[in-house]
Each structure stands twice: as C-alpha cells, then as structure tokens.
There are 2 protein chains.
Amino acid sequence: MPNSAQTAAVLAQVDAGLEQSLARLFDLLRIKSISTDPAYAQECQRAADWIAAELNALGFEASARPTPGHPVVVAHGPDQAGPHVLFYAHYDVQPVDPLQLWHTDPFDPQLKDDDKGRKIIVARGASDDKGQMLTFIEACRAWKAATGSLPLKVSLVLEGEEESGGKNLPPFLREHAEELKADIALVCDTDMWDRQTPSINTMLRGLVADEIEITAANKDLHSGMFGNAARNPNQVLAEIIASLRAPDGSVTLAGFYDDVAEISPELKAQWAGLGFDDKQFLGDVGLSVPAGEQGRSVLEMLWARPTCEINGMSGGYTGDGFKTVIPAKASAKISFRLVSGQDPAKIRAAFRAHVEARLPSDCTVSFTPHGGSPAITVPADGPFLAKALEALSSEWNKPAVITGAGGSIPVVGDFKSILGLDTLLIGFAQVDDQIHSPNEKYDLESYHRGIRSWVRVLAALAG
Amino acid sequence: MPNSAQTAAVLAQVDAGLEQSLARLFDLLRIKSISTDPAYAQECQRAADWIAAELNALGFEASARPTPGHPVVVAHGPDQAGPHVLFYAHYDVQPVDPLQLWHTDPFDPQLKDDDKGRKIIVARGASDDKGQMLTFIEACRAWKAATGSLPLKVSLVLEGEEESGGKNLPPFLREHAEELKADIALVCDTDMWDRQTPSINTMLRGLVADEIEITAANKDLHSGMFGNAARNPNQVLAEIIASLRAPDGSVTLAGFYDDVAEISPELKAQWAGLGFDDKQFLGDVGLSVPAGEQGRSVLEMLWARPTCEINGMSGGYTGDGFKTVIPAKASAKISFRLVSGQDPAKIRAAFRAHVEARLPSDCTVSFTPHGGSPAITVPADGPFLAKALEALSSEWNKPAVITGAGGSIPVVGDFKSILGLDTLLIGFAQVDDQIHSPNEKYDLESYHRGIRSWVRVLAALAG
C-alpha cells in the first residue's frame, strides 16, 4: 500500500507532465477511429495499435487482439499484492456529421477557451471516450514515472465497437474469461454530478423491450364500407396502451412492483441533498409535470423506479393528407426500465399476459422480443466503493456522491454476468460535453483532475 | 307521359339493338382515359369528344367543356313537358397496374363466359363507370329510335376526374349552376343489392376528418435518461384515443348522438328482410365480432349509425429493430362518419374539446382539418323515389330495395349543396366486378337490363 508521500509525488508528476499528457491525447484524437463506418476500419486498427504500444512502453503486456469486428486491446500490468482491477474504456468514436456544424476539424484537436474562459479540448472523442480513457492510462504513467511501479495489479480491456453496437465484446469476454478475472472493474465513460462534485454511479436500470403487432381484419378496409362494424386495430392498440398506466402514473402490470425495494433512507436523504431541480430538469426539455408515480421525486422516478414507455406506435395511413382506411394491423414498440430485484423474464410474461387479456376475440397479437437485461446495483457495503468515494472526495475537496442512472450501460451487465465483477463507474465528463454532437469537447480540468483522481483511486484501492 | 305500349316498343328496341350497344361500349372502352396519369390526358380528351359526338348524334346539344383538368361533357336534350332530370356518370378510369395480373389487355375489351357460364364484358372501366354510363345513354338512344323523342327533358353532366380527386367538378357546377338546374339528379355509379335485387341508395354517411398532433417535450428524449419523469406523447395519444369509445362500442363525444334519429320501423323491417348475413360479412374479412354499438345489426352500424375511426396513428421509432426513444410528438388521423342530422362543424368542435380536456398541462395539441361533409338522405316521401323503385321492380320482377351506404359519394353532396338537387343513386354493378382491380368486368346482364331499367325509369319519372 502506497503511503501519502508516494501519492503526493505521483500527483506532482501528473501536474508536471500535463503538457505531454495532453500531447499524447492529441495524437490519439487525430486517429479517425469511427467504428460504425467500414471505411475507417484501418483507423480503428491504428488506434488500437497506438494504445497497445503506449501500454507496452509503460511496462504492460499489451496487444490489439482481433475480433470479427475491430480489435480489443488487452493489457496486463505486472503482478502485485492487493486487489486486481480491470479497467474498461473504448477507443472508437461517433461519426462526425453534420460536418458543417463543427467550428474546427473534428480530427484536428484544439485547446480553446470556452465562453466562460474555461480551457477545453475540442475534437471528436475528446470526452467520449478517448479523453476519459487516457485519464486512467496517464495516471498509470505517473505512478510508473514517480515510483517505478503501479500500486496494485492493473489489467485493461479497451473496446473498439462501443459506438457501433458492441456485439463482439461479450463473446470476447466469454472466450477470455479466465485471463480477465479480477476483483473489481473500473469504467471511465460517465459524467460527474456537476463541475464541483465527483460521483460514482451504482445503480443502472435494466430493460425489457418487446414489440407487439395486433391484427384485426385480413386486409386493409375502407372505413366508409366497414367503419363501425369492423374492429379497428388502432383502437384496440390504443386501449391496451392506455391500460398500461394508472391515473396515478404507476404501471398496471400484475406484480410489476412486487420485487421493487424502496431505496434506503440514507440514500434518499443524500439524493434530496444533491440540489437536483425537478422543475429545471423538466423545463430544459419543455415539460413541467413529472409523469411517473405521484409523490416520488424526479430522481427517484429516473434512478430507482421502474417505468413503461411506448417508444414507437404505428398503424394505418401516416403520410401526407388523409386516407379513410381501417388498417389490418397496428403495432407498438414498448419497453420497461427495470430496477434492482425485477426479473426481466417475469416482467415480459406479465406484459404479454396483460395484452392477451385485453385482446378482442377476433384479433390476434404477435410479440417480438428486443432484448432484456436486469438492473445492475453495486453493493453499497462492498470493499471498494467507500475507498473510491473517499479518494474522489479528497481530489475534488467535496464529498463524492452516489448516483443512479435511468439507462443501462451494457458492459457493466456483461462484466457482472460473464466475469462475475462489480463495476465502479467513475467518470469526469460534463453534461455540456456535446458527446455524439458537433464540437465535442472535454474540459482541460476534467482531463487534469481526472488523471489525478485515478492516481488517488488506485492508491486507495491498493490500501 | 308515355303509355305502356310506347315503353314496350322502346324495350324491344333495346333488345334488338343490344349488339350495336355493345359495339359502342367496346369503342369507348378502347380509349385509355386514365385520369390520374398526365400521360393519358389526350385519351381523356378523346373519350370526352367521343361521348359528345354520340350525344349530338342523338339530338342533344353536347360539348366537351374545358376545365383546369380533364373536360366535363355537358349535354341538353330538347325541352319537354314534365320533370327535368340531370344524369351524372364519369368517363375516366383507374390505372391498370399491376398489368401482369390481367388475363387480357385491359383496353382490348372482350366478351367472355365467367366460370358460372355468365357472359361478362372484361376491360378497365367496363363497370366503373363506362358501362354504367352507357346504360343511360343507350336507353336514351332506344327512346329516340323507337318513338322519335325522349319522354322528358334530359341533361347530362359527365365527369373526367372522378378517379383522380374530382377537384374541378364543384367549381364547374358552381359556374354553370343556372345552366344545370333540374328537378332531380340521377347517378349511375353504384351496385345492385344482389344479382336479383335492384336497389336505390338513399342514405350516404357524411365525414369529418381531423388530424391531431400532440407535442410533449421540445425534442426526442432517451427513455433511459428521461423515462418515467418525462411525459410520453404516445401514451397521451393512446389514452385520448381509448377514451373515444365506451366499452359498449358507442362514441363518447359530448352530444355525438343528440341529432341522430332512429330509422323508421318500416325501413328496419325491410333491412332485416334483406338476408344480409352479419357473420359472413365480417367473416369474409377475417372478423367475427361487430365492433360498434351493442344491440345494433351490422347494416344499421354501417348505414344508419355514426362512427369514429382511427385511420392512422404514429409516434416515435417505427422502423426495424428498436430505439429507446421518448418522442417529442405523436399524431393520429381520425375520422367520424356521420348520419343524417349531424352537423360536421359541431362534431369537429366536440372532438377538439374532448381532446383538449384530456391533455396534460405541459402538452400542446395542433389540429389539421381534412374535410367535412354532412350525410345525405333522399327523402322517402319525395315525388321521384317511389316511381323509380316501381320501375326497377318491374324490370327485375322483384321489389327494389332502399339501401344505405357507409361511405360518401362526393358528387351527391355537391348536387345538393350547389344545385339544390336530390339524387337517385341507381346502378347495376355487382359486388364481384373487380372495380379498381385487374380483370374488371361488367355482367352483360347488368348492361342489357341496366339499359332496359333506365327506359322504364325515364318513363316512370315522366309520368
């Protein structure tokens, strides 16, 4: 376990080496590793090779491993006493269109001042996820430079297809499960709570997605000739959808809340203290009335309560003008966000039973599943969470907070189900980083103090 | 008023001239008067000129009048004592694709035997509406040939854009309203009740069509980040649509049935006697349960009761696969079929009030009207209906029946609102004529006895 003088030396090394750290990030940002466009396959390979070479130079055994898609970089540091951490980030980036909205070339990184005078790094991938990835690698570099070694055993698995579906990672993890065994996973691909407040995300909602298609007549009918007598599947579908929510905003599926636990009073109090402004959150997107269960805060609705959403709905004529058709079919794409304790298979079965119970006898329904995964929760009493929170609090001079997320991050579920690993989601992005959009940026402070944060987190986890 | 010997002579003339009548129909069927395709504009002009020439040869003052689209043929017979009738039909036809499904060239008419040994005329327009149009013109020809004159004053207005929207007819009628004044309109563009039973359609439902678009957030949202807290317009729309029908199948708009009268016990009894098979009607399109108001027959639902139909509905992601979006907007195309007494403006206002009353406070709705027209009813006690029914009954040796129709025929509304004319809808098409489809046909019997029917109807109306 490193002592505090060692950690201080490493932090000083980070500060002294910042200019070189930035130059290395710029080198990586210049590589056009757009994973979704086959035209950039060679650039993805280049990025993977670049990272493997950097890690090898730091004393890792690193290589860019082939997959049916883009390579996965795997690296292992020397054996060490103490826990073994597995770090994940991704080196691929989103496409850059619409290119004309960029103020500078997305692959010619720039250090600029924003309109508040903050230094920002502008480039595709500056935040998502090359900048975040290098916060960790540069922290390892500083440890090596200042002390000659890392404070614990570190492995890395760096993906090249996070922005294009990530289908090749789970089989890769299964194939290399023995090699990738560790004690805890660290993922750097998330936001801070705000510019002052570091956070660790410990709750990710799960998802059950289903598509339903209701068939009434055996062909489209003319509403003049058949209207009133013939069943209209649009009406049937609308009635089924309407029945999924009660007037109080709760979801009506049988047993939907049976396995849902209330969050602890401590966590509830911490969330209440976050200063989250329900009105502003909704107001920013043009809304004002929370739509979920009455009596719950917006954060609770988003992080700790399950939901049912109609993601798509269509039936009949939807083009310009008007057609007096009674369609044969109507369909909807419906998803449920799940929280800890809910079983995706049970929720899917309850949904299908709910639909079938409301179907007129001369209609049929078909279901197409679109994936399902349980919610992920990092145990609050695990051995690493408290240490990581404390390390972040020291760096930012403000207590780090535990947050949830309404969406899922698939790799976290894969680490749990394939490698048996809990994950600490620690990231330094800001909500205004414009990821996936033109003029993506990463605050220089996110980069600098992100590196410093990892120096402290590694020291804390080693202890 | 013609005596029965005169009428008998005219009918004999029809029988003797049938071969020539058929040859003239074939000449007209060879003209490719597809109104919707600009490539056939000259063919539409040719058809109009052909008809005008035929009518001039019969002693009418006829001409093909230009419009912003295809010509309208207007013809006036000599002045006569008695009522003045205005006959309507259309000379344009539907496109012929898919051409490969035709067994013979759609514009090379054939007289064939069908699989039951019935003679049929096969060509595009054989039934809809060239064959039906010529039943009337050939009846006039027979009157002229057998007696030297028509039994009453006849005018004709023959449209060339019925299959392509018919937008130019209402302004044409308004411009020539004085010239086209008459006592009753006759339209030949409908079916017989069945092969044995002639019918006159006296009830056409009206229509109010409206499009609604509900806006919740000011942009599409990610259902992981916002789901549960953000209002989902798909859910809002589904709840509004579901609220439009009560569990008993009735429409829930305030005042929707206030102006709806029950049909007379006589008409109800006549409809009950038609032998209409609710189960077979629905079974033919794969359904079994009438969807409208419980306790009403299917014919009543279709002809005498108003309805609300969701003709189109869409919101969010509707392509392949799945996107976890909460859309900003959702929309629907909704129409109401009206019956006699209902005011389209009042129904539209009630619908919009119904929607607005159910809208969450942070959503907005916009409405786009897509036309509205009242239902049309020919008065059962008018001076012409009974005479026409009796004439048809004589020709077919079976009592002619009064029917309704679930849809609207716009020209009937235009004749009423612009010319102040009631219309008798008398047609000889059969339900299996394949209009608008490949291998359209018209029974030779429909053509022959259709001509004979008009001979008798003209005699009866003159009396």
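In this predicted model, the centres of domain 1 and domain 2 of chain A sit 40 Å apart, taken over C-alpha atoms. Domain 1 of chain A covers 4-204 + 375-462, and domain 2 of chain A covers 206-260 + 306-373. Chain A also meets chain B, in a contact that takes 66 residues from each of the two chains.

**Domains of chain A**
- Where domain 1 of chain A meets domain 2 of chain A, six residues of domain 1 are in contact with eight residues of domain 2.
- On the domain 1 side of that contact, you get two nonpolar residues, four polar ones and no charged ones.

**Chain A against chain B**
- The contact draws 66 residues from chain A and 66 from chain B.
- On the chain B side, the elements giving two or more residues include α6 (223-226), α7, α10 (298-303) and β11.
- β11(B) gives the most to that side, with nine residues.
- By type, the chain B side splits into 28 nonpolar, 27 polar and eleven charged residues.

- β11(A), residues 307-316, has ten of its ten residues buried, so the strand is largely enclosed by the rest of the structure.
- Within chain A, β11(A) runs antiparallel to β13(A), residues 329-338, and eight bridges join the two.
- Met313(A) turns up in both pairings: its bridge partner in β13(A) is Ala332(A), and in β11(B) it stands opposite Gly315(B).
- Next along, Ser314(A) has Ser314(B) as its bridge partner in β11(B).

**Helix α7 meets its counterpart**
- α7(A) and α7(B), residues 233-242 in each chain, pack at an angle of about 115°, with their axes 8 Å apart.
- The crossing of α7(A) past α7(B) is left-handed.
- From α7(A), the residues involved are Gln235(A), Ala238(A), Glu239(A), Ile241(A) and Ala242(A), and they meet Gln235(B), Ala238(B), Glu239(B), Ile241(B) and Ala242(B) of α7(B).

**A three-stranded sheet in chain A**
- This is an open sheet with the strand order β4-β5-β18 (chain A) and antiparallel pairing.
- β4 (110-113) and β18 (441-443) of chain A stand at the edges with a single partner strand each, so one side of each has no neighbour in the sheet.
- Neighbouring strands are turned by 35° against each other on average, direction ignored.
- Four bridges hold the antiparallel pairing of β4(A) with β5(A), residues 119-122, and Leu111(A) stands opposite Ile121(A) in β5(A).
- α14(A), residues 444-462, lies across β4, β5 and β18 of chain A, running at about 55° to β18(A).

Methods. Residues are numbered from 1 along each chain as its sequence is written. Chains are lettered from A and ligands numbered from 1 in the order in which they are written. This is a predicted model: local features need pLDDT of at least 70, side-chain atom pairs count only at pLDDT 80 or more; totals for chains, interfaces and linings use all residues. A residue is buried if 20 or more other C-beta atoms lie within 10 Å of its own, exposed if 12 or fewer, and partly exposed in between; C-beta atoms are placed from the backbone. Two strands pair if DSSP finds at least two bridges between them. Domain bounds come from an automatic or database domain assignment. Two residues are in contact if their C-beta atoms, placed from the backbone, lie within 7 Å. Ala, Val, Leu, Ile, Met, Phe, Trp, Tyr, Cys and Pro count as nonpolar, Asp, Glu, Lys and Arg as charged, and the others, Gly among them, as polar. Axes are lines fitted to C-alpha atoms, for helices over the stretch in contact, and angles run from 0 to 180 degrees between N-to-C directions. A crossing is left-handed if the near helix is turned anticlockwise from the far one by less than a right angle, and right-handed if clockwise.
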